[in-house]
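The sequence and the structure come first.

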Protein chains: 2
Amino acid sequence: MGSILSAAEDEEQEVLIRKELDSYVQPAISSSFPCDNVSEEENNLDSLFLAPSCFVFVPVAIGATLVAYLAPVAAGSGIPVIKCYLNGVKVPEVVRVKTFIVKAVGVVLSVVGGLAVGKEGPMIHCGAVIAAGISQGKSTTFRKDLKIFYRFREDHEKRDFVSAGAAAGVAAAFGAPVGGVLFSLEEGASFWNQTLTWSIFFCSMISAFTLNLVLSAYHNHPGQLSYSGLINFGKFDNISYSFVELPVYVLMGTIGGLFGALFNYLNHKLTVFRLRYLYLKWLQVTEASLVAMMTATVGFTMIYFSWDCQVLGSDPVEYALQFHCEDGKYSALGAIWFQTPEASVKSLFHDPPGSWTLTSLGIFFLFYFLLACWTYGLSVSSGLFIPTLLAGAAWGRIMGICAEWLFNGQDWVCPGKFALIGAASMLGGVVRMTISLTVILIEATGNITFGLPLMIVLMVAKWVGDYFNEGLYDIHVQLSSVPLLAWEPPPLSNNIYASEVMSHPVTTFCTVEKVGRIVETLTSEPHNGFPVVDSDEPASLSTNRTFGRFRGLILRWQLIVLLQHKVFNETAERQWANKKLTLNDFRDAYPRYPPIQRVHISPQEKEFSIDLRPFMNPSTYAVSHTASLPRIFRLFRALGLRHIVVVNDQHEVIGIVTRKDLARYR
Amino acid sequence: MGSILSAAEDEEQEVLIRKELDSYVQPAISSSFPCDNVSEEENNLDSLFLAPSCFVFVPVAIGATLVAYLAPVAAGSGIPVIKCYLNGVKVPEVVRVKTFIVKAVGVVLSVVGGLAVGKEGPMIHCGAVIAAGISQGKSTTFRKDLKIFYRFREDHEKRDFVSAGAAAGVAAAFGAPVGGVLFSLEEGASFWNQTLTWSIFFCSMISAFTLNLVLSAYHNHPGQLSYSGLINFGKFDNISYSFVELPVYVLMGTIGGLFGALFNYLNHKLTVFRLRYLYLKWLQVTEASLVAMMTATVGFTMIYFSWDCQVLGSDPVEYALQFHCEDGKYSALGAIWFQTPEASVKSLFHDPPGSWTLTSLGIFFLFYFLLACWTYGLSVSSGLFIPTLLAGAAWGRIMGICAEWLFNGQDWVCPGKFALIGAASMLGGVVRMTISLTVILIEATGNITFGLPLMIVLMVAKWVGDYFNEGLYDIHVQLSSVPLLAWEPPPLSNNIYASEVMSHPVTTFCTVEKVGRIVETLTSEPHNGFPVVDSDEPASLSTNRTFGRFRGLILRWQLIVLLQHKVFNETAERQWANKKLTLNDFRDAYPRYPPIQRVHISPQEKEFSIDLRPFMNPSTYAVSHTASLPRIFRLFRALGLRHIVVVNDQHEVIGIVTRKDLARYR
Ligand SMILES: Nc1ncnc2c1ncn2[C@@H]1O[C@H](COP(=O)(O)OP(=O)(O)OP(=O)(O)O)[C@@H](O)[C@H]1O
Ligand SMILES: Nc1ncnc2c1ncn2[C@@H]1O[C@H](COP(=O)(O)OP(=O)(O)OP(=O)(O)O)[C@@H](O)[C@H]1O
Ligand SMILES: [Mg+2]
Ligand SMILES: [Mg+2]
C-alpha cells in the first residue's frame, strides 16, 4: 500500500510541474507577442518575425545543456527507458533524483522554447522516478536514509513501484486510470499479479482523483470532482458511428500506418546519424537550439504568408492572433501555432466545420510532421504523444473536409470525428501500442461507444506500420543496444537448444572460495552473476568443459558486500557477528555498491576464504542443455530472470545464459 | 486470430439466446397475469394469487431436471468452473456442447420460472464453451471433425480461447469490452501475454460490436451503433461527486461488505447442507421447484398486502401492474417483482426521488436477499450478478432516501446514485472481485468520472468481507475440492521445502519400458504424469528413495495413444511408420482418450517394449529438493504447470509435486 502514498505524492508533484509550466508558457508567449488579443492596429510584423526566433532558442539551449551534461538518460520521452526498466534490464540512472529534476525542468524549457513536443512522456517518467524514490525511503543523492521500507529494497519490489508510478503518470496526464494500468502492463509487467495490478489500479485512481481535486480548486469549484486529466481533448458527446463508416476508418488506419512508418524511418536514419556524428555534447546543444530556431522560423513564415483568416468568436481559440487579418478576424495558422499543442489538438477535434481551410492544414501538417520528426531524439526532454496526435489530427481533419465535400449532407460526416481518428491512427502508426492506447483515447475523450472504431484504426495502423519497421520506442531501444526481450520467443527457434545459446566457458566460484580469487575475478570479469559449484572436484576440469556440480548463483554486488564486511572463514570466531550479516545489510547497500577497486582487501586477507553457501541463491533456475530456446525465453520472460545456468545430465555447470544472449536471436 | 471468429460466432449465439429469452419472459408474465396494463376493473386477486405459484414451478422443475440429470456442471453461474478451468485445473465436461445447451436452456427456464437469478454468469460460461468448441474445429458429441485448427488442440491453446470467450461474454452482457478483458485476466490468466491479451480485447470488442449491430436492427435503427450491452443500467449523465461524499461511500462499502459476508456465510452453510443431504438428483429437482413456488408466493403475498401505490406515467416502468391501486396508479412492489430483475435495477437507479417508500424497499430487500441466497447453488442454471445488484440497489436506495431526509436540500443527494453505490458494494461484498468489477460498472453506466467512488466502495466492501470469509465463487470452488492455486504463495511458507511438499515414492517409467509394466501401472495408478528415468540402473533402488536420473515427463494420455498405435520397438521394422506418429496423431486424440481398460493389448505384446524418449517431454521443469514452496508455487502459477519433478543433487527423481499437493497449503 506504499504505492498509494507514492501516487498521491506523485500526483501533487506533477500537478505542480504542470502549473509551473502553464505559468511559464503563457507569459512566454504573451511577452514575445504583444499583439495577443490586440485588435487596435496592424503590428509591425517584420520586426516581430525576427525577434522571437532569436530568443526562443535560449530556453531550449538551457534544457539541452542540462540534459546533455547532467543526465543524458533524461533525453526524449522516457517511455523507452521505463520500458527497459520494467522489462528487467538495468539502465543506469533511470530512477535517480537528478534525472527527475532534469526531466521536469527540461520539459518546461522545451515547451517554452516552442518545440514540437508534448509533456506526457516526461510526466510518466517523472511519476516512475517519484514512485521508485518513495519505495526506497532513501535517496543516495541527498544522502538521506529514512530507514523505512526496507523490504522494498529489491530490484523486484522497486520495479513494481515503478510500474505504479508510470500508471499514475498516465492517469494524471490523460485522466485515464484504466489506460494507465493497461499501459504499465503492456509496456512492462510480465507476470499478471493480482495484488500488484490492484495496487497499480488504486494508485492511478488516486492519481486521477488528486488531480481532479487540485484542478477543481484551480478552477474555483473546490470539491466538485468532474475534471479529467491534464490533457483534455474535450468530450465527444453525441458521437456515434454507423456500419458504413468502418471502411473509411480502415483506410485512415492504413494512411496512419504509412505516415507512422515514414516518421519512424526518418527518425531512425536521423538517430543513427546523431549517434555517429553528433555524440559531442556541445554539438547536441547546438542542434537543439537550431531546431528551436527553425521551428519558430517555420511558424512565423507560415503565418506571415498565410491569408487564412477566420471570424473571431465562433470557436474556442483562447489566444487569438490577428496578424494581418481584418478586425474581428484571426489568423487560423497563428492559432494553431501559438496555442499549446494540446489546445490545438482540441481545436482540431471540436471546432465547427469550416474553421480550417485545406491549404493551411496541408502546409501545417507537412512542416509540423518534419519538425516533430527532427525534434524527437534531440538531447532535450520531450514527449512524443502530443506532436503525433497534432500531426494526425491535421491530416484527419483534411480527410474530414474532403469527406464533407464527397458525401455532402450525410450526417455522419463531421470533421472533428475524422480529426480524432486521424490522430489515433497517426499515434498508433508511430508508437504501435494498441490496447492501452485504445483505452487511453476512450478515457481521454470520455466516449465509450467510439471504442471499436478507435481500436480498428489503431490495429490497422499497427499492422501496416509493422510491415515496414518497428515502433519508434522499440527502434530507440534497439539503437541504444539494450537487451530487451520481446513478448514472444523468436519465430523458428524451436530447434535452437540451450547448448547453442549459452556462453561458455563459465566463470564460476567454488562453495568455499579463496578471497584472492574472488577479488581477482571480479576485477578482471565484467559479469554480474556467477554460478557456485561444488569445490570437491579439481578446479582444472576446464578441458572437458564442465565446471563442477551446480549449487547456486551469487551476484557481484553480494560478493562485494561480503568483501566489504570481511565475512571470512578465518575471522569468523573473532567477529562472529557473521550470522548478523543478514538481509538488512544487503538491503542497506542497495542499489549502489562500490566498484571492486574501492573495496580494500589486504594481501593477507587475500589468503583467507569465504563460504559462499549461506549467501548464494541455492535454488536459482537451471536448465538442461537440451532445453529449447523458447522454453528458456519463457522462463526469462515469465519470471523476470537475469541469469540461467545451463547444466548437463550430471547437473554440472556447462554454460550460462543471460538476456544479452537471448536478445541476439530475433 | 481464430479467436476473432470465435467471438463473432459467440456473440451472435448469445444474442439469439437473449432474444429467445425475452420472448419467453414477456409472454410468460403476461399470460399468467391478464391484468397487465389493464386498468378497467379490479381483478380477482385471490384466484390470481394461487394459480401462478402452482404453475411457476414447472419451468424451474424442467430446468433443474436437465441440470441434475444431464449436466451437473451447468448448475450455478458457471464463473467458478471457468475460473478453475482458466487456472489450469481440468474440471470434466466444462466446455462440452451438452453443458452449453443445458446452460442456455436452463437459464431461460430459471428466468421464466421467476427465480431470483440473472443471466450473465451463464452467458459468460456459454461464451467460453463456444470459444472452446470453435477453437477445436470438432465436436466429439456430434462426431464431427472439421480437420481444421489442429494447432489449437492443446490444453494451453484451448485455455486461451476460453479466456477470450469469457471476455466476449462479459462484453456482450454488460457492454463492457475492457471490463471483459480485465475479467478474463483477473479470473484466469497468469501470464500476461501481449498477443493473447490483444486477441482477447479484439474478441470482446467484436462481441460488443456485433451485439450493437443486432440491437440496432432490433430497435429499428439498423447501423446506428450506439447501444451498449444487453444489461443496460442506463447512462448516469450528470453524475458528479464531491469530496464530502467519500466518507458516505466508505460507510456504504462497509455495509455492503457486511451484507456480502452474511450472504456468503448463509450460502456456505446451505451448500454444505446440500452436499450432505441433498445429493440425490430428485431431491435437487424438488428443492428447486420449492424455491420457485416460494419465490412466487413471497412476491404475491408482498404485493397483496402492500398499499404502496404510485402515480402512473411519471417513471419508466414498462409493464405497470395495477392490483388494488386506484386507476392511474400502479403498485410499486408489483413493479419491482414483475419486471425483469435488470429492469428493476434500472428503475431503482433512475426513478425520480419519491418513487419508492422506505417500507416497501425494506421488506423487499429482506425477502429478496434471503431468496437470492437460497437460490444460488440450486441445481439450476443461474447468475449471481443481477440478484446481488438488485438487493444492493434496494438498500442503497433506502440509504438514499435516508440521506435525502438527513441532508435535505444538498444537491449531491440523489437516491439513484446511492442505489448504484449500494448495488456495487453488495456485489463487491459477495464476489470480491475488484478491478474488473470497477471497470464493468464504469462501462455499464457509461460514466468514467464516477470510477473512483465505485472503486473505493468495491475495495472497502472487499476488505470488510474478507475479514469474515472468502468470496462466494471461491467458497464454491473450495467446496467442490478443486485444487485451485491462489495468486500468491501461502504466507509463512518460506521455510517449507520441496522435500516436504512432494509425494514419494514416485511411480516412474524407464526410458525403454516394458509394455506390460506400462499397462499394469496405468491400470493400478490414477496419476496423470510420470517421470521418465534412465534405465541403466537397477529398478529396485526404491529402498534409498531415488528412482534413477530424471530424463523427462510423459503424460497418461500420451502413453495411451502410444499403446493404441502399438508403437513397440519390436514391431518397429514391420510398420516402420513409427516416425509417422507425429503431433497430429496426438492432437486427433485430444481431448478425450479412452481409459486404459479399453485399449486392447495382447499378452504377447505385453512382452514388447516402448522407447519413450521420442515422445516424452524432455525439458520439463524439475526443481531441487531444496527449493522453497513459494518458488515452486510461482513456477506453477506463472507457467501453468501441472507436475513438477523433484530431483536431488545427482539429478535423480526423488519426488513429484502436483497442484493437489500445493493446494494443501493455504
Ligand atoms: N559468470 C559468467 N561466466 C561466463 N560468461 C558469462 C558469465 N556471466 C555472463 N556471461 C556472459 O557474458 C555476456 C554478457 O553478459 P551480461 O552483461 O548479459 O551478464 P551480466 O552482466 O551478468 O548480466 P546483467 O547485465 O543483466 O547484470 C553474455 O554473453 C553472458 O552469457
Ligand atoms: N507419478 C506419480 N507417482 C507418485 N505420486 C504421484 C504421481 N503423480 C501424482 N502423484 C501424487 O498423487 C496425488 C494426486 O495427484 P494429482 O491428481 O494432482 O495428479 P495428476 O492426476 O497426475 O494431475 P492432474 O490431476 O492435474 O491431471 C498427489 O499427491 C501427487 O503428488
Ligand atoms: Mg552486463
Ligand atoms: Mg488427478
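Is Arg664(B) exposed or buried? Arg664(B) is exposed, with a relative accessibility of 57%; exposed means over 50% relative accessible area, buried under 20%, and partly exposed in between (1.4 Å probe, protein chains only).

The model is predicted: local features need pLDDT of at least 70, side-chain atom pairs count only at pLDDT 80 or more, and totals for chains, interfaces and linings use all residues. Residues are numbered from 1 along each chain as its sequence is written, chains are lettered from A and ligands numbered from 1 in the order in which they are written, and side-chain values use heavy atoms, with hydrogens and water left out.

**Salt bridges**

Over all chains, the structure holds 24 salt bridges, a salt bridge being a side-chain nitrogen of Lys or Arg within 4 Å of a carboxyl oxygen of Asp or Glu. Side chains of opposite charge can pair when their charged atoms come close. Three of these pairs are listed here.

| Glu93(A) | Arg96(A) | 3.5 Å |

Helices (H or I, at least four residues) and strands (E, at least two) are DSSP runs, numbered from the N terminus.

Glu93(A) and Arg96(A) belong to a salt-bridge network that also includes Lys98(A). Glu93(A) is partly exposed at 25% relative accessibility, and Arg96(A) is partly exposed at 23%.

**Ligand 2**

Asp661(B) also takes part in the surroundings of ligand 2, where an N or O atom of its side chain is 2.5 Å from an oxygen atom of the ligand. The side chain of Arg642(B) likewise places an N or O atom 2.5 Å from a ligand oxygen. From Thr507(B), a backbone N or O atom lies 2.9 Å from a nitrogen atom of ligand 2. These are polar contacts, that is, pairs of N or O atoms within 3.5 Å; within protein, one must be able to donate a hydrogen and the other to accept it, and residues adjacent in sequence count only if both atoms are side-chain atoms.

On its own, ligand 2 has 600 Å² of accessible area, and the protein covers 82% of this (Shrake-Rupley method, 1.4 Å probe; for residues, only the protein chains shown count as cover). Strand 7 (529–533), strand 12 (653–658) and helix 25 (659–663) of chain B each give two or more residues to the shell.

**Backbone details**

Most residues other than glycine have a negative phi, and most peptide bonds are trans. His504(B) and Pro505(B) are joined by a cis peptide bond, with omega about 0°. Pro505(B) lies in the loop between helix 20 (498–501) and strand 5 (509–510) of chain B. In chain A, His504(A) and Pro505(A) are joined by a cis peptide bond, with omega about 0°.

Glu93(A) has a positive phi, near 70°, and sits in the loop between helix 4 (79–87) and helix 5 (97–112) of chain A. For Arg432(A), phi is positive and near 60°. Arg432(A) is buried, at 6% relative accessibility.
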